[in-house]
Amino acid sequence: MKVAMIGAGYVGLVSGACFADFGHQVVCIDTNAAKIEALNRGEIPIYEPGLDVLVNGNRFAGRLSFSTDIAEGVAGADAVFIAVGTPTRRGDGHADLSYVYAAAEDIARAMTGYTVIVTKSTVPVGTADEVERIVRRVRPDGDFSVASNPEFLREGAAIDDFKRPDRVVVGAEEERAREVMRKLYRPLYLNETPILFTNRRTSELIKYAANAFLATKITFINEIADLCEKTGANVQDVSRGIGLDGRIGKKFLHAGPGYGGSCFPKDTLALVRTAQQFDAPVHIVETVVEVNTRRKLKMVDKVIDACGGSVEGKTIAVLGLTFKPETDDMRDAPSLDIVPGLIAKGANVRAHDPQGMKEAKHLLPETVSYCDGPYAASQGADAVVIITEWNVYRALDLQRLKQSLKTPILVDLRNIYDPAEVARQGFTYVSIGR
Ligand code: NAD
Ligand code: UDX
C-alpha cells in the first residue's frame, strides 16, 4: 500500500518507519525543512532506541522517503495519516487543532483517487467529523473517507509498542476504509493482535480515556506514597501487593515525582475541557490534573527538607532532566518545575542527562551548569537528586559519589536504590513513599 505520513515527529517518524518495515511504500512529510534534510542525510532528529537502524534500513530498501512536498507525497496514496502535534491551546487548555486542520486542507488539495485520511494525532472527540467537513469543503468532488487510528506507543519503547501493541483501535464509518486499515495492519492482524473497530467518536475518546486512566493510576499511587511516608508503610510493597491483583495490574504503579511528557499532561487537561464543554465533567481527572501539577512543585520542598530546611547558597546535583529515560523529550518534564524551583530558593544547580541536555539548555534557567556525567555533576555538591531513572544512574559507585559530594545526601525521586544499602554506605537517603 502507498502511505503518506504528515508530520515526522516522535509518532509520525516511528509509525512511518514501522509501516515501511511492514512492506508498505511510505513517505513522511514535514513542514520543518531542516528535519527533512537531516532525515534525507540519514540523521535521526530525535533520540529513540532502534529508530536509526529501522529508518535507514527502510530508506536504503527504497520503502521509506522524506519530503516537504505534501502534494507529491499525498497524490496516489491509499492512506494519508495526520500525525502532527496537538499541544495545549494557550489560554483555555483545549487541544490546539490548528496543525491538524492545516494538514487536512493540504491533503484535500493534493489527494487523487480514493484516499483514507487517518487521524493518528491525539484529537478530541468530533475532530474526524470536522476533518471530513474541511476536506469536503475544499474538494466537494473528492473520493475519500476519514478514519481515526489513535497511537498508543510510549517514547523510549516506541518501535516495540508499535509493532507489538496490546491492541490497535480504528474508528471508521465505512467498510472500504476499514478494509484499507486492515491491509495496513496486516502483519499485526496475522499476529493475532486485537484490532478493535469502532465508530470514529468512540475511537477518539478511547485514546483520552486510556491516557487519563493511566495518569490516574500513577497519581493514585503517588498519593498513597505520601501516606506511606507519614505512616511508616512502604509504597513499593503496596504497589506489589495491589498490583498482583489481576483486576488492578502491576503496571503504572511506580510512585515518583509526578507524571510528565508530551501526552499525559496535555491529554488529561484536554479531556477535562472536552468533558466540561459537553456538560459531563470528569471530576476524577480534574483532580488528577491538579494533584499532579502540585506534586511536581512539592518535590522542591522534599529536596529542601532533605538538605536540612534550606538550599540557599547550596549546590544541588540533578541527575536526569527528560520526563522519562530513553528519550530526549523534555516536554512537561518534572525537572522543568523542580530545577527552577530549587534555583528560586537560592540553590545552584549542576545537571546531567544522557540525552536531554541540548534541549534543556533552551528551557531551564541560564544559571544551570551542565556536566559530563553523574560524578562530575556531584563534584562539591551539597546533595544529589535523581529525577529521571536512566540506567546509568541505577548502578552508581556510591563510594565515588560520596567522595564527590560535600555532604552525602541522596534524594531519589524514582526509588531506584535500596534504602538499607544506601544508608549502609553512609548516605542520608530520601526516596518516595518508603
Ligand atoms: P512532534 O511535535 O514530535 O511532531 C509533530 C511534527 O508535525 C513536527 O515535526 C511538525 O513540524 C510537523 N507538522 C506540523 N504541522 C504540519 C503540517 N501541516 N504538515 C506537515 N508537518 C507538520 O509531535 P509527536 O510527539 O509526534 O505527537 C504527534 C501527535 O501524536 C500528537 O497529537 C500527540 O498527542 C500524539 N501522540 C504522541 C505520542 C508520543 O509519545 N509523543 C504518543 C501517542 C500519541
Ligand atoms: C504515554 C502513554 O503511556 C502512551 O500509551 C501514549 O501513547 C503516550 O503517552 P509516554 O508519555 O511516552 O507514553 O511515557 P510513559 O511511559 O507513559 O510515562 C509518562 C509519565 O508517567 C513519565 O513522566 C513517567 O515517568 C511517569 N510514570 C509512568 C510514573 O511516574 N510511574 C509509572 O508507573 C509510569
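**View 1. A loop residue with positive phi, Asp-279.** Asp-279 sits in the loop between helix 12 and helix 13 (283-306). This is a predicted model, and in it the phi of Asp-279 comes out near 60°, a positive value in a residue that isn't glycine.

**View 2. Another loop residue with positive phi, Phe-252.** Here we look at the loop between helix 11 (235-243) and helix 12 (264-277), where Phe-252 is found. Phe-252 is not a glycine, yet its phi is positive, near 60°. With 16 other C-beta atoms within 10 Å, Phe-252 is partly exposed.

**View 3. The surroundings of ligand 1.** How many residues surround ligand 1? There are 26 of them, and Gly-7, Gly-9, Val-11, Ser-121 and Thr-122 are the closest. Two elements give two or more residues to this shell: helix 1 (10-21) and helix 5 (98-110). Sorted by class, the shell around ligand 1 holds twelve nonpolar residues, ten polar ones and four charged ones.

View 4. Ligand 2 has 19 residues around it, and the nearest are Glu-155, His-254, Tyr-259, Gly-261 and Cys-263. Which helix gives the most to the shell around ligand 2? That's helix 10 (residues 200-231), with three residues. The class count for the shell around ligand 2 is ten nonpolar, five polar and four charged. Domain 1 (2-198) and domain 2 (208-289) both supply residues to the shell, so ligand 2 lies between these domains.

**View 5. The two faces of helix 8.** Take helix 8 (residues 175-184) and pick out Ala-177, Val-180, Met-181 and Leu-184: these are its buried residues. Why do they end up on the same side of helix 8? Because they cover an arc of only 95° around the axis. As a rule, an α-helix has 3.6 residues a turn, so residues three or four places apart point the same way. The buried residues of helix 8 pack against helix 1, along with strand 4 (79-82), strand 5 (115-119), strand 6 (144-148) and strand 7 (168-171).

View 6. Six strands make up an open sheet with parallel pairing, and their order is 11-10-9-12-13-14. Which strands form the edges? Strand 11 (369-370) and strand 14 (428-430) do, and each of them pairs on one side only. Within the sheet, strand 12 (residues 383-386) runs parallel to strand 13 (residues 409-412), and three bridges join the pair. To place one of the residues, look for Val-384: its bridge partner in strand 13 is Leu-410.

**View 7. Where domain 2 touches domain 3.** The chain splits into domain 1 (2-198), domain 2 (208-289) and domain 3 (296-430). Taken over C-alpha atoms, the centres of domain 2 and domain 3 are 24 Å apart. Nine residues from domain 2 and 14 residues from domain 3 take part in the contact. What kinds of residue does domain 2 bring to the side that touches domain 3? On that side of domain 2 there are three nonpolar residues, six polar ones and no charged ones.

Notes: Residues numbered from 1 in each chain as written. Chains lettered and ligands numbered in written order. Predicted model: local features only at pLDDT ≥ 70, side-chain atom pairs only at ≥ 80, totals over all residues. Near = placed C-beta within 6 Å. Helix = DSSP H or I, 4+ residues; strand = E, 2+ residues; numbered from the N terminus. Nonpolar A, V, L, I, M, F, W, Y, C, P; charged D, E, K, R; others polar. Buried ≥ 20, exposed ≤ 12 C-beta atoms within 10 Å, placed from the backbone. Arc of directions from axis to C-beta. Contact = placed C-beta atoms within 7 Å. Domains from an automatic or database assignment. Pairing = 2+ DSSP bridges.
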